[in-house]
Amino acid sequence: MPTPTYTPLATVTLGTAAASVTFSSIPATYRDLILVANGASAITNDFGYIRFNSDTGSNYSWVQMGAQSSGLFSSSTTTTSWRPTNFDFSGSRIVSTVQIMDYSATDKHKTGLIRDNGQQGSDHVVRAYGARWANTAAITSIQYFTTAGNLNAGFTLSLYGVIA
Amino acid sequence: MELIESKTLGTAAASIEFTSIPQDGTDLVALYSIRATADTDTFNFKLNGSSSNFTQRYLRAEVGSVNSAARSDDDFVTSMPKSGFTANTFSNGSLYIPNYTSSSNKSISEDTVSENNATDGRLKINAALWSNSAAITSMTFEAFTGNFATGSTISLYKITKGSDGIVTTS
């Protein structure tokens, strides 16, 4: 029997539309975390965001590359959250996979690798994204949130732990 | 992540199929190491036997160029080495499908790399959608032309949601 590499920590399926989901009391017993977001929203031309440990400071740096119908793009910035999900059209489906490495270490900033797949009608936006949270604290909570509308009922967020 | 089934070709074959996919998982992950015998780097990807209602947008890096295109078919391009590529090289790729038993359309994320002649690396990330509300019960990889080469391997895993009883959500 192979050893499971994704240990399910918690899954939320929204029964009603909501703008935020928070995972709290994350134990420090794994090496990495993986957050999977999947579903649709009532949002147009905005994003799904992530913050750790309720930190609202400008401690979140990221660089992205991607493609969509308007062409190729890349950018980088430092801001107040990671931005793992593109919500371009209301009702379009997305899947964003966020890998957070060494999340419980207390001697390093936390890094993340993100893959984002966002429907744009009959087209898509595809993105790869690297990110850093400039904080050495162990991650004990993750908030996934929106600011321009709600995640639709049925939207799912799953958090997994990966053992080294 | 739990292995459902792994298939390695002992002889070249035109397709690799997974049937009777268990319905007790949440997400599916297919990891592939494949190669074509013909002059094509494309496989056709079918879910529940259907090649319809797929849309895609890929971002691809090749020698000297980065490019992108949208597709409205089941042709997953640039996903494996083809005839004439360096012998014994196979692609390294993954397909991720969340909530595969849901009644919603199915998002598909693909990452793949392959290499030829020590100078011709190819990297692709792909966003796809299968607009079908049926639960996924079978998955088929078909070589666009010819066969998958001997030694091609595809492993299918399921990821199951759950709770550790510690993490809380709000």
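# Exercises on a predicted two-chain model

B:Arg71 is partly exposed, with a relative accessible area of 25%. This value, like every other one here, comes from a predicted model. Work through the exercises with the structure open.

## Exercise 1: Confidence

Find how the model scores on ipTM and pTM, and what the mean pLDDT of chain B is.

**Solution.** 
- Step 1. Take the scores for the model: ipTM is 0.92 and pTM is 0.95.
- Step 2. Turn to chain B. Its mean pLDDT is 95.
- Step 3. Check the residues. In chain B, 100% of them reach 70 or more.

## Exercise 2: The build of chain A

Describe the secondary structure of chain A. Then decide how compact the chain is for its length.

**Solution.** 
- Step 1. Count the elements. Chain A has zero helices and 12 strands.
- Step 2. Read them from the N terminus: β-β-β-β-β-β-β-β-β-β-β-β.
- Step 3. The C-alpha trace spans about 40 × 35 × 35 Å along its principal axes.
- Step 4. Look at burial and surface. Of the 164 residues, 54% count as buried. Chain A exposes about 6,200 Å², and carbon and sulfur atoms supply 50% of that area.
- Step 5. Look at contacts. Take those in chain A with a separation of 6 or more: 76% of them join residues 24 or more positions apart.

## Exercise 3: A sheet in chain B

Give the strand order of the open sheet that holds S2 of chain B. Then state which face of S2 is covered.

**Solution.** 
- Step 1. Strands of a sheet pair through backbone hydrogen bonds, either parallel or antiparallel.
- Step 2. Write the order. Four strands of chain B form this open sheet, S2-S11-S4-S7, with antiparallel pairing.
- Step 3. Find the edges. S2 and S7 of chain B each pair on one side only.
- Step 4. Zoom in on one pair. S2 (residues 15-18) is joined to S11 (residues 139-143) of chain B by four bridges.
- Step 5. B:Ile16 has B:Phe141 as its bridge partner. B:Ser15 stands opposite B:Glu142.
- Step 6. Sort the faces of S2. B:Ile16 and B:Phe18 make up the covered face. B:Ser15 and B:Glu17 make up the uncovered one.

## Exercise 4: Salt bridges

State how many salt bridges the whole structure has. Then explain why the pair B:Asp39 and B:Lys82 ties together separate parts of chain B.

**Solution.** 
- Step 1. Side chains of opposite charge can pair when their charged atoms come close.
- Step 2. Take the total. There are 15 salt bridges over all chains.
- Step 3. Check the pair. The N to O distance between B:Asp39 and B:Lys82 is 3.7 Å, and the cut-off is 4 Å.
- Step 4. B:Asp39 lies in the loop between S3 (27-33) and S4 (43-47) of chain B, and B:Lys82 in the loop between S7 (75-76) and S8 (92-97), so the pair ties together parts that are 43 residues apart in sequence.
- Step 5. Check accessibility. B:Asp39 is exposed, at 60%.
- Step 6. B:Asp73 and B:Arg71 meet in a salt bridge at 2.9 Å, N to O. B:Asp73 is partly exposed, at 22%.
- Step 7. Move to chain A. The closest N and O atoms of A:Lys108 and A:Asp102 are 2.6 Å apart. A:Lys108 is partly exposed, at 34%. A network of salt bridges links A:Arg31, A:Asp102 and A:Lys108.

## Exercise 5: Three asparagines

Say where A:Asn45, B:Asn99 and B:Asn147 lie. Classify each as buried, partly exposed or exposed.

**Solution.** 
- Step 1. Start with A:Asn45, in the loop between S3 (32-40) and S4 (46-52) of chain A. At 60%, A:Asn45 is exposed.
- Step 2. Take B:Asn99, in the loop between S8 and S9 (106-114) of chain B. Its accessibility is 15%. Buried means under 20%, so B:Asn99 is buried.
- Step 3. Compare backbone angles. Most residues other than glycine have a negative phi. A:Asn45 has a positive phi of about 55°. For B:Asn99 phi is also positive, about 50°.
- Step 4. Finish with B:Asn147, in the loop between S11 and S12 (153-159) of chain B. At 26%, B:Asn147 is partly exposed.
- Step 5. List neighbours. B:Asn147 touches residues including B:Ala12, B:Arg35 and B:Thr37.

Definitions and conventions. Residues are numbered from 1 along each chain as its sequence is written. Chains are lettered from A and ligands numbered from 1 in the order in which they are written. This is a predicted model: local features need pLDDT of at least 70, side-chain atom pairs count only at pLDDT 80 or more; totals for chains, interfaces and linings use all residues. Side-chain values use heavy atoms; hydrogens and water are left out. Buried means under 20% relative accessible area, exposed over 50%, partly exposed in between (1.4 Å probe, protein chains only). Helices (H or I, at least four residues) and strands (E, at least two) are DSSP runs, numbered from the N terminus. Two strands pair if DSSP finds at least two bridges between them. pLDDT is the predictor's confidence in each residue, from 0 to 100. The radius of gyration is taken over C-alpha atoms; the globule rule is 2.2 Å times the number of residues to the power 0.38. Contact means heavy atoms within 4.5 Å. Accessible areas come from the Shrake-Rupley method with a 1.4 Å probe; for residues, only the protein chains shown count as cover. A salt bridge is a side-chain nitrogen of Lys or Arg within 4 Å of a carboxyl oxygen of Asp or Glu. Lists of a residue's contacts leave out its neighbours within four places in sequence.
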